[in-house]
Amino acid sequence: MGMPQDAIEIENLSKEYPHGFLHLKRKKSLENLTMRVEDGEVFGFLGPNGAGKSTTIKLLMRLIFPSAGTARILGKSIDDISMHNSIGYLPEQPYFYDYLTAYEVLDYFARFHGLPAGDRAARVQAMLKKVGLDTAKKIQLRKYSKGMLQRVGLAQAILHDPRVVVLDEPMSGLDPLGRREVRDIILELKREGRTVLFSTHVLSDAEMLCDRVGVIVGGRLRGTGAPGELVDVKAQGMEILFELYGAAGNLPLLAQATRTGERYRVQLPETELYQALDSLKAAGARILSVAQIKPTLEEYFMHLVEADRAQASAVEVSGK
Amino acid sequence: MMNIQTVAANTFREAVRDRVLYNLVFFALLMMGGAILVGQISIGIQQDVIVSLGLTAISVIGIFISIFLGVALVSREMDKRTLYALLAKPVRRWEFLLGKFFGLVMTLSVNTAAMAAGLYIALWTVKHPLMKSDAYILVAVYLILLKLALIVALALLFSCFTTPFLAILFTAGMYVAGLFAADLRTVHGVGLDPSALGFVRGISYLLPNFQNFDVMGAVVHGRGVPFVLVWQATLYAILYIAIVLMGAAVVFSRRNLK
């Protein structure tokens, strides 16, 4: 056994689009992206709309071509057509031939993977069952809801048993039940040892599912790491939750506490924690919990987005 | 090869399920009307009228389908983004294009064959029995089909680099210009300077010469079509289609999908 191989390696990938009336101006939608997704991990690609997530994924799938840089999946260049046998892809808001039934569309896609007819039928049937479309398999897709189409999309992405699965906004447009099902499928893919790269702007999904996340804003990668790690960098303060009955006397701590019935919640710097606990004990308070205040991934994320906006507007001002 | 076949079969299935073949009902009504009308006019020209009406309808209906569906083949898949999931499979873009092309040509073949059968039935009702010379109608139908395949290839090429609306205009424009390609070759200087004349002649050789596929005049009057003409037209169509499709593949293989 050698070193764990990276499933996806992206090096200095950039994408510029011409724009303006005569296509003379160029707009960068991705700048020098370098990132790795390890074999067997679930990697969340986070960023607001228009940050470059879909651009990156489309570059990997060769739907668009890079202005510069390279990428490899499972050690093979993305130009290598055989690489597509080992990857599955769910496009953003997938749409399939609506004149076909779910069974037909999966059978159609399975043919490109060269599965013999017998295997194909068994495989398609198993996938329909896995995504819960077994009973709707004979209905044309034009009658499907968005959530059902998403499931067809997932089924076609994993139909051929790929080692790497790339999902572009797999939870978008789904109701809570649908999101839950997609989450379960992603976790199952992980248990089966597959690598999953998925993009999302819903941070709770990423926190729940990902081994690591990468945050992209304004076409540039701003950080990668485990959701906990990224957030820890900026961890600050402690929070005490306690109950206090009767007269509290002149406990100075209460001035900064939030009260709900007999319960109080107070936030303070870590250096003042033990002193505060002593004074609470002396006042007869019952300590319910002491916890570190961690900024959520969302706060971290918002911080990056705001920094990016501030920078963008500074550039605009200096450009005038 | 399998990939091309799979895409082609699905393209055919799409045309059938989208009720493209319903145009045959229109054709059938036209032929029935024609036959009834012809029955009431003089006996000598019955055959001429039915054959020319039938062949014209086969050609015009086919041209409409070729241009509109030909342009939609790729542009619709890009608009609706059905192409995304497909291209993530081990499918090369030129395989997809060829599959689309053959799928529509297959649809047109079935459609044209059905219309040809309708034409023979109409002909039989006005003058039975059919004669040996009536077999030439099949040659005319075959040449119409070659013409349609060429139009599909052009529509596919244009739709690879421009909007559907412009692609329809360009394809229709090429068709009309191609009808006059042979005339342009023999154009005489009507006050044109020699370099302009040379330019016009040069262009005329680049345009697809659609007159190569028109033998209606001969067939309507029951005259034969020389075998060599059929061969030449076939070879011409195959070569021209191959070049156009290669161009389309080159453009499409580099295209960024939005």
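Predicted model: local features only at pLDDT ≥ 70, side-chain atom pairs only at ≥ 80, totals over all residues.
A:Asn12 sits in strand 1 of chain A, a run that covers residues 6–19. The phi angle of A:Asn12 is near 50 degrees. That is a positive value in a residue other than glycine. How many other C-beta atoms lie within 10 Å of A:Asn12? There are 13 of them, and A:Asn12 is partly exposed. The reasoning is simple: a residue counts as exposed at 12 or fewer such neighbours and as buried at 20 or more, so a count of 13 puts A:Asn12 in between.

Now move along chain A to strand 2, which holds residues 25–38. A:Asn32 lies in this strand. A:Asn32 is not a glycine, yet its phi is positive, at about 40 degrees. Is A:Asn32 buried or partly exposed? It has 14 C-beta neighbours inside 10 Å, so A:Asn32 counts as partly exposed.

Next comes the contact between the chains. Chain A brings 23 residues to it, and chain B brings 20 residues. Which elements of chain A supply at least two residues each to the side that touches chain B? They are strand 6, residues 87–90, and helix 2, residues 102–111. Helix 2 of chain A gives the largest share of that side, with 3 residues. By residue class, the side of chain A that touches chain B splits into 16 nonpolar, 5 polar and 2 charged residues.

Key
Residues numbered from 1 in each chain as written. Chains lettered and ligands numbered in written order. Helix = DSSP H or I, 4+ residues; strand = E, 2+ residues; numbered from the N terminus. Contact = placed C-beta atoms within 7 Å. Nonpolar A, V, L, I, M, F, W, Y, C, P; charged D, E, K, R; others polar.
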